[in-house]
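Work through the exercises below with the sequence and the 3D structure at hand. Each task is followed by a solution in steps.

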Amino acid sequence: MATTAAASPSSSSSLLLSRRHGQSSSASRAARFRAPRCVLGVEQLRVLDEGKRVGGGEPMAAAWTPKSPAQQARLTALPLEARDSRLKIFSGTANRPLALEIASYLGVDLGKILIKRFADGEIYVQLQESVRGCDVFLVQPTCSPVNENLMELFIMIDACRRASARSITVVIPYFGYARADRKAQGREAITAKLAANLLTEAGSDRVIVCDIHSAQALGYFDIPVDHIYGQPVILDYLASKTISKDLVVVSPDVGGVVRARAFAKKLSDAPLAIVDKRRQGHNLSEVMHLIGDVKGKVAIMVDDMIDTAGTITSGAALLKQEGAEAVYACCTHAVLSPPAIERLSGGIFEEVIVTNSILLPEDKCFPQLTVLSMANLVAETIWHVHRDGSVSSIFQ
C-alpha cells in the first residue's frame with residue numbers, strides 16, 4: 001500500500017473537502033464495511049489503495065498518514081543509556097488496541113496485567129510485573145459498559161498503589177459521566193464531580209483526558225489534569241483533502257460554539273453557523289432554526305461526541321433544507337448508541353469522521369465512517385508528562 005508525504009502545517013489553513021465521487025449511490029450506501037476506513041495501526045493508513053476507483057469515479061486520494069508527531073518510537077530513538085525503564089503503560093479491557101499503539105509509539109512493551117471476572121461479575125486485577133518506583137500510566141476510556149470500565153479502572157489504580165508505584169496517571173481518552181456537570185434542575189446528581197472524586201480517592205496522582213464534555217469539569221479534580229484535544233488529528237486528516245466548494249463550520253448546538261469557532265479559525269477563518277435547538281429530554285432534541293448561511297457550501301458539523309446521533313442528524317437535515325451542498329460530521333468520541341448507526345448511515349452525511357478514543361466493534365462500522373487514530377497524540381502527552389515537559393506545547 002502506498003503512502004503519501006504528510007501534510008504541511010500550513011495546509012490546515014487552506015483546506016478542504018471534495019465530495020466523494022460515486023459514494024452517494026444507493027448501492028454504496030447499502031453495502032456495509034466490516035472495518036473502518038482507517039486502519040487502527042501505527043501506520044494509520046487508509047484502507048483504500050492509491051488510485052483505486054470507487055463506483056467508476058475519479059481516483060481516490062493516496063493513503064493518509066498523520067503529519068505529527070514523528071513516526072519513530074520515542075524511547076527506541078534514544079541511546080541505551082538515555083532510556084528510562086521507569087515508564088510503564090498498562091491497559092484495561094476497554095480499548096487495548098489504542099494502548100498497544102501508544103506503547104508502540106513510545107517504544108515500550110505494554111505492561112503485563114491480569115484482569116478477569118469472577119462468576120458473580122466481580123473484577124480481579126493483578127499486575128504481573130514490578131512497578132515499584134515507576135511512573136505508571138493506565139489507559140482506560142470509561143465507555144460502554146461505563147460502570148464496568150470505571151470500576152475496572154479503580155481496581156487497577158488500587159493495584160498500582162499497593163505495588164508501590166511512584167506515580168499513577170490515568171489516561172482516559174473518553175471520560176464517561178462528564179455530561180452531568182451541573183445542576184440544571186433540582187435534586188440532580190453532578191456525576192462529573194463524583195467520578196473525579198472517586199478517581200482521586202482510588203489513588204491516582206494525575207489525569208489525562210481528551211475532549212471532555214465541558215471544560216468546567218476539569219475544576220472538579222483535586223489533582224493535576226492534562227486536557228488534550230482530538231482536533232489536531234481531524235484537522236490533519238482534513239488537510240489531506242482539497243476543496244471544490246465554499247466551506248462553513250457548523251455547531252450542532254449553542255453549547256458547542258466555542259469548539260466550532262476554534263475549529264473554524266484553523267480552517268483559514270472559515271465562516272461559522274449555529275443550529276439552534278430546544279432539548280426535550282435526555283437523548284431527545286428538536287431543531288428550531290439555523291443561524292448563519294450555508295447555501296451552496298460544504299458544511300462541517302463539529303462536536304465532541306456522537307451518542308444517539310439525534311442532534312447531529314436533525315441538524316444535518318436542516319442544513320440540507322437550507323441549501324448545503326454536502327455535510328460532513330466530525331467528532332472525537334464515537335459513542336454510537338442505538339439508533340445512531342441507522343441515522344448516520346442513512347445517506348445524509350458524505351463522511352462521518354471520528355477518532356479511536358472509543359473502540360468500535362464491527363457492527364458499528366458503516367460505509368461513511370472514517371476512524372482516525374489518536375495514539376500518537378496521546379503518546380506524546382504521556383512522554384511530556386513523564387519527562388516533566390509542557391503538554392500545551394504539543395498543540396501550539
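**Exercise 1. Is A262 buried, partly exposed or exposed, and which helix holds A262?**

Step 1. A262 has a relative accessible area of 30%. Buried means under 20%, exposed over 50%, and partly exposed in between, with a 1.4 Å probe and protein chains only. A262 is therefore partly exposed.

Step 2. A262 belongs to helix α6, residues 257-266. Helices are DSSP runs of H or I with at least four residues, strands are runs of E with at least two, and both are numbered from the N terminus.

Step 3. From A262 to V249 the C-alpha distance is 9.9 Å, at a sequence separation of 13 residues.

A note on the model: it is predicted, so local features need pLDDT of at least 70 and side-chain atom pairs count only at pLDDT 80 or more, while totals for chains, interfaces and linings use all residues. Residues are numbered from 1 along each chain as its sequence is written, and side-chain values use heavy atoms, with hydrogens and water left out.

**Exercise 2. Describe how α5 packs on α6.**

Step 1. Two packed helices are described by the angle between their axes and the distance between the axes. Axes are lines fitted to C-alpha atoms, for helices over the stretch in contact, and angles run from 0 to 180 degrees between N-to-C directions.

Step 2. For α5 (residues 231-239) and α6 the angle is about 40° and the axes are 11 Å apart.

Step 3. Angles under 35 degrees count as roughly parallel, over 145 as roughly antiparallel, 65 to 115 as roughly perpendicular and the rest as oblique. The pair α5 and α6 is therefore oblique.

Step 4. The contact (heavy atoms within 4.5 Å) involves Q231, I234, L235 and L238 of α5, and R259, A262, F263 and K266 of α6.

**Exercise 3. Classify the pairs α3 with α4 and α2 with α9.**

Step 1. Helix α3 (residues 146-162) packs on helix α4 (residues 191-202) at about 25°, with 9 Å between the axes. These two helices are therefore roughly parallel.

Step 2. On the α3 side the contact is made by L153, F154, I157, D158 and R161; α4 supplies L198, L199 and A202.

Step 3. Helix α2 (residues 96-106) and α9 have axes that come within 9 Å and cross at roughly 60°. The relation of α2 to α9 is therefore oblique.

Step 4. Residues in this contact include L98, I102 and Y105 of α2, and A375, A379 and W383 of α9.

**Exercise 4. How many residues of α9 are buried, and what span does α9 reach?**

Step 1. α9 covers residues 375-386 and reaches 16 Å from its first C-alpha to its last, close to the 16 Å expected at 1.5 Å a residue. The expected span is 1.5 Å times one less than the number of residues.

Step 2. In α9, 12 of the 12 residues are buried, so the helix is largely enclosed by the rest of the structure.

Step 3. After α9 comes D388, with a positive phi near 55°.

**Exercise 5. Which residues of α7 are buried?**

Step 1. α7 spans residues 310-321, and its 12 residues reach 17 Å.

Step 2. The buried residues are G310, T311, I312, T313, G315, A316, L318 and L319.

Step 3. Just after α7, G323 has a positive phi of about 100°.

**Exercise 6. How many helices and strands does the protein chain have, and what share of its residues is buried?**

Step 1. The protein chain has 9 helices and 14 strands.

Step 2. Of its 396 residues, 53% are buried.
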